[in-house]
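Welcome! Let's take a friendly walk through this structure, one piece at a time.

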Amino acid sequence: MDNNTVLFFDTTLRDGEQSPGATLNVEEKIEIAKQLSHLGVDICEAGFPIASQGDFDAARRIAEEVGTLVEGRKSGQPMTIAGLARASKDDIQRAYDAVKAAPRHRIHTFLATSDIHLKHKLKIDREACVDQVIESVSFARRLCDDVEFSPEDAGRSDPDFLVQVLAEAIKAGANTLNIPDTVGYTTPEEYGWLIRYLIENTPGANTVIWSTHCHDDLGLATANTLAGIQAGARQVEVTINGIGERAGNTSLEEVAMALRTRPQTFKLNSHIDTTQITRTSRMVSAYTGMIVQPNKAIVGANAFAHEAGIHQDGMLKNQQTYEIMRPETVGLTASTLVMGKLSGRHAFRIRLEEMGYDNLSKAELNAAFKRFKEWADKKKVVTDADIEAIIVDEVYQPPEIWQINHIQVSCGDHSIPTASISLTGPDGREHKDAALGTGPVDAAYQAINRIIGVKNWLTEFSINAVTEGLDAAAEATIRIQPVNGERERGFNPQTNRPFARTFSGHGASTDIVVASARAYLSALNKMLAAREEQSSEKRLRVET
Ligand code: KIV
Ligand code: ZN
């Protein structure tokens, strides 16, 4: 690899999925991995395979089904598929077994090096830490040619101890050394200094690739990553939309666009196709239920909106007055075609292709077109944002164990909100019920609960208008947690603790109650599928 290229290591499917509520199922992970491949990501961390059979299966299927894709990739190579492992033989073997089918695969192993972690989490001294690094990296290297080592909490570790550990990791065969600021503690000056110090002082430093891994607890993740690049790092660990533990990780899109927008400052290339950024962001947001804040750099709804009159005036005179990036560069297209009631299937397909949705199946296209027609009947003009909401709602949905047929609500300030609902169940039969609620959405949810009968906490609910105007369609996002959630637990490799999984759902409609009911049902379907997956895993463990 030439020294002028920054490699993008995406950990949306591992560190990103560790963020509370970002639970993804196997099919969703595969779809996201495919999109990361289109985006030009160099290394995709597909998960933490020892955590559960589901995590293992997802990483294995990504290795098999996505690890071979090269079409349209700037690098001309398929993505490297990485699996995370704690510094233990069982973890490393499991990670290797999960990713080995990919033509390019990597084991990523980690062990904490800060005194705080050694004393309180691992309860080992520095000497034992060094021994464990040597043992685990050597074991990984015997299985696989591509091994990455991360000294967890490097940001708060003694730099000279890091030099000692990293020198041993290089001797044991690591080819990439990743320096995590695990708790987002450092400032750009400190993080840049640390990377430079390690590169200058670690014996063998020039035989490996140095990597950044920053968390955003102080809002400094992107700044720290860029400082790391300027100090000599040539791999960045990032996630889409910056999702991740607590305040999240460095955003892929921010680093990619900084390199592209400031070529004179960085003088570095990447393999990222920035025109895929918006689409990837939208997909990750839909699948994880993590809404992107409107003012988020690059992918927020307002990132390219020039609202204030003075800005618009400047923009009309010369775009460069207030715009440092063109919206097209990140894949935002301005429609020239007005879509409405009279637009046919052909025009709809062409518009979808222009928007980058050129690989929908016939069934997905038919379902999306049917929804488009329904919306066009209710709204004069169907915008790109509406079409995108339809695609997200129709295509990025979990398998429909339960499906909505009809929903009817009555409400007002003089009546008790009432909802009646008809669903098709997993038995293929129609199930009907009705319920009262504190409002129309609550009534609809109570009616669904009466039919499906799965206890859950509603932890988050939001509803947004897709476009401006009173006739705007609505997008609802919801998160639920099972009440007795021991059957749907995830496992955090860093804290070594299980956690209750949260399931998100989304729905779009020109009617806010219908959008909310669709979102609730999509979250419930995810939860039921996870429950089914987990109990077949248990059955498997009992049988084997
Ligand atoms: O933040 C961190 O330290 C990590 C490591 C496992 C790389 O995510
Ligand atoms: Zn991390």
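A residue counts as buried when its relative accessible area is under 20%. Keep that cut-off in mind as we look at this predicted model.

Let's begin with strand β6, residues 176-181. Here 6 of the 6 residues are buried, so the strand is largely enclosed by the rest of the structure.

With strand β5 (residues 147-152), β6 pairs in the parallel sense over 2 bridges, and F149 stands opposite L177 in β6. Strand β7 (residues 209-214) also runs parallel to β6, and 6 bridges join these two.

How do the strands connect through helices? Together, β5, helix α6 (residues 159-172) and β6 form a right-handed β-α-β unit. Another right-handed β-α-β unit is made by β6, helix α7 (residues 188-201) and β7.

Helix α13 (residues 345-354) packs against helix α15 (residues 384-395) at an angle of about 90°, and their axes are 11 Å apart. Because of that angle, α13 is roughly perpendicular to α15. From α13, the contact is made by F348, R351 and L352, and from α15 by D384, I387 and I391. Sorted by class, this contact has 4 nonpolar and 2 charged residues, with no polar ones.

Terms used. Residues numbered from 1 in each chain as written. Chains lettered and ligands numbered in written order. Predicted model: local features only at pLDDT ≥ 70, side-chain atom pairs only at ≥ 80, totals over all residues. Heavy atoms only, no water. Axes fitted to C-alpha atoms, helices over the stretch in contact; angles between N-to-C directions. Helix = DSSP H or I, 4+ residues; strand = E, 2+ residues; numbered from the N terminus. Parallel < 35°, antiparallel > 145°, perpendicular 65-115°, else oblique. Contact = heavy atoms within 4.5 Å. Nonpolar A, V, L, I, M, F, W, Y, C, P; charged D, E, K, R; others polar. Buried < 20%, exposed > 50% of the residue type's maximum accessible area, 1.4 Å probe, protein only. Pairing = 2+ DSSP bridges. Right-handed = clockwise from strand over helix to strand, strands pointing away.
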